[in-house]
Amino acid sequence: MYKISHESKGLVSHGVSACAGCGLELIMRNVMDVVGEDTIIIIPPGCSALFSGFCNETNLKIAGIQMNLENSAACAAGIRAGLKIQGNDHTTVLVFAGDGATVDIGIQSLSGAMERNDRILYICYDNEAYMNTGIQSSSSTPLGASTTTTPAGKSVSRKNLVGIAMAHNVPYAATASLQNLVDLRKKVKKAKETDGTSVLHIHTPCPTGWFYDPKYTIKIAKMAVNTGSWILYEWEDGKVTVNYRPKELEPIEEYIKIQGRFKHLKNEQIEAIRVEVKSRYEEFLRKNG
Ligand SMILES: Cc1ncc(C[n+]2csc(CCOP(=O)(O)OP(=O)(O)O)c2C)c(N)n1
Ligand code: SF4
Ligand SMILES: [Mg+2]
């Protein structure tokens, strides 16, 4: 039903100062290709601000504004209201925010937009910590991961962003991953065409904060999905569809061992993560299978 072009529209310039192997850069380039020129982007502080640029230079060839961590969704809602008064119902209003900007600091303004069902496309690229300020833990950091504020490993599990969006009964919400770019692009297109608030939660491997060799970004994205650590699904018209089910879950140890942020873990802690991931995955399939 959804025809997706794979051509780049060239809306992101070359020479962006993201780290080598940055998952966020790949996501930004793919998202821009789907949303196209008729888009206003709102970017809060974080690594995505590399794309808003510095001073009077920007890496994005579309209109945009650099907002605060607290209020990107509120800003997007205001832009939508302004466009409506101008009689413009064609421009996409896109928030492109990190996990800290979404599940922690900006959650109240996102909640307000979801309650009002403002017509905005909200993308959270989730690199599972506050990377831009030196790898502090966020409420999306997974159990056991070492960050500068959880040096011995995070002791609690992460928040469930799409679950929060579903609780607001938004018309469209989905998870996505670099594991499958066709699926990711389809979801961006559906979200863009949604008449109301749409929320995409995109898993975003980060070599600098997860301490792995930059060449493994796609491999790690695939491992997250194949181990059940990241579940690909959509919420549409009040119904959940699971988009991909590995025939058998791959052992979580492989995913953990390739990343330096887990290297401090003892066997019993790895076992606790294995149990957490497996039970969350099985419970999700039981409820939505
Ligand atoms: C209210 C507020 N607190 C703290 C900061 C400092 N700050 C700037 S970027 C950033 C990290 C944001 O993390 P996230 O949203 O996960 O994006 P990432 O850097 O990981 O891409 C922080 C804490 C800020 N700009 N505003
Ligand atoms: S810290 Fe991570 S998310 Fe930020 S630019 Fe570097 S690789 Fe990308
Ligand atoms: Mg982050």
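**View 1. The buried residues of helix H9.** In this predicted model, the buried residues of H9 are Thr217, Ile220, Ala221, Lys222, Met223, Ala224 and Val225. Helix H9 covers residues 217-226. Seven of its ten residues are buried, and the helix is mostly covered. What do these buried residues pack against? They meet H1, S5, S6, H8 and helix H10 (252-257). After H9 comes glycine 228. Its phi is positive, near 85°.

**View 2. An open sheet of eight strands.** Read across the sheet, the order is S2-S1-S3-S4-S6-S5-S7-S8. The pairing is mixed. Strands of a sheet pair through backbone hydrogen bonds, in either a parallel or an antiparallel way. Which strands stand at the edges of this sheet? They are strand S2 (63-66) and strand S8 (239-242). Each has a single partner strand, so one side of each is left without a neighbour in the sheet. On average, neighbouring strands are turned by 15° against each other, with direction ignored.

**View 3. Strands S7 and S8 at one end of the strand order.** Strand S7 spans residues 233-236. S7 and S8 run antiparallel, joined by four bridges. Look for glutamate 234: its bridge partner in S8 is threonine 241.

**View 4. Strand S5, buried along its length.** S5 spans residues 172-177. Six of its six residues are buried, so the strand is largely enclosed by the rest of the structure. Tyr172, Ala174 and Ala176 point one way. Ala173, Thr175 and Ser177 point the other way. Both sets are buried.

**View 5. The two partners of S5.** S5 pairs with S6 in the parallel sense, over six bridges. One bridge links tyrosine 172 to serine 198 of S6. How does the chain get from S5 to S6? It passes through helix H7 (residues 181-193), and the three elements make a right-handed β-α-β unit. S7 is also joined to S5, by three bridges, and these two strands run antiparallel. Here alanine 173 stands opposite tryptophan 235 of S7.

**View 6. Helix H1 across the sheet strands.** H1 is made of residues 23-35. Which strands does H1 lie across? They are strand S1 (39-43), strand S3 (92-98), strand S4 (121-126) and strand S6 (198-203). Against S4, the helix runs at about 160°.

**View 7. Leucine 94 in strand S3.** Tryptophan 210 is 116 residues from leucine 94 in sequence. In space, the two are 27 Å apart, C-alpha to C-alpha.

View 8. Glutamate 128 lies in the loop between S4 and helix H6 (161-167). Isoleucine 135 lies in the loop between S4 and H6 too. Glutamate 128 has 25 C-beta neighbours inside 10 Å, so it counts as buried. Isoleucine 135 has 23 such neighbours, so it counts as buried.

**View 9. The shell around ligand 1.** Ligand 1 has 17 residues around it. Which of them come nearest? They are Gly46, Cys47, Gly98, Gly100 and Asn132. Helix H4 (residues 99-104) gives the most to this shell, with three residues. Sorted by class, the shell has seven nonpolar, eight polar and two charged residues.

**View 10. The shell around ligand 2.** Ala18, Cys19, Cys22, Leu24, Cys47, Asn127, Met131, Cys206, Pro207, Thr208 and Gly209 surround ligand 2. Which helix gives the most to this shell? It is helix H8 (residues 207-210), with three residues. By class, the shell holds eight nonpolar residues, three polar ones and no charged ones.

How values were computed
Residues are numbered from 1 along each chain as its sequence is written. Chains are lettered from A and ligands numbered from 1 in the order in which they are written. This is a predicted model: local features need pLDDT of at least 70, side-chain atom pairs count only at pLDDT 80 or more; totals for chains, interfaces and linings use all residues. Two strands pair if DSSP finds at least two bridges between them. Axes are lines fitted to C-alpha atoms, for helices over the stretch in contact, and angles run from 0 to 180 degrees between N-to-C directions. Two residues are in contact if their C-beta atoms, placed from the backbone, lie within 7 Å. A residue is buried if 20 or more other C-beta atoms lie within 10 Å of its own, exposed if 12 or fewer, and partly exposed in between; C-beta atoms are placed from the backbone. A crossover is right-handed if, with the strands pointing away from the viewer, the path from the first strand over the helix to the second runs clockwise. A residue is near a molecule or strand if its C-beta atom, placed from the backbone, lies within 6 Å of it. Ala, Val, Leu, Ile, Met, Phe, Trp, Tyr, Cys and Pro count as nonpolar, Asp, Glu, Lys and Arg as charged, and the others, Gly among them, as polar.
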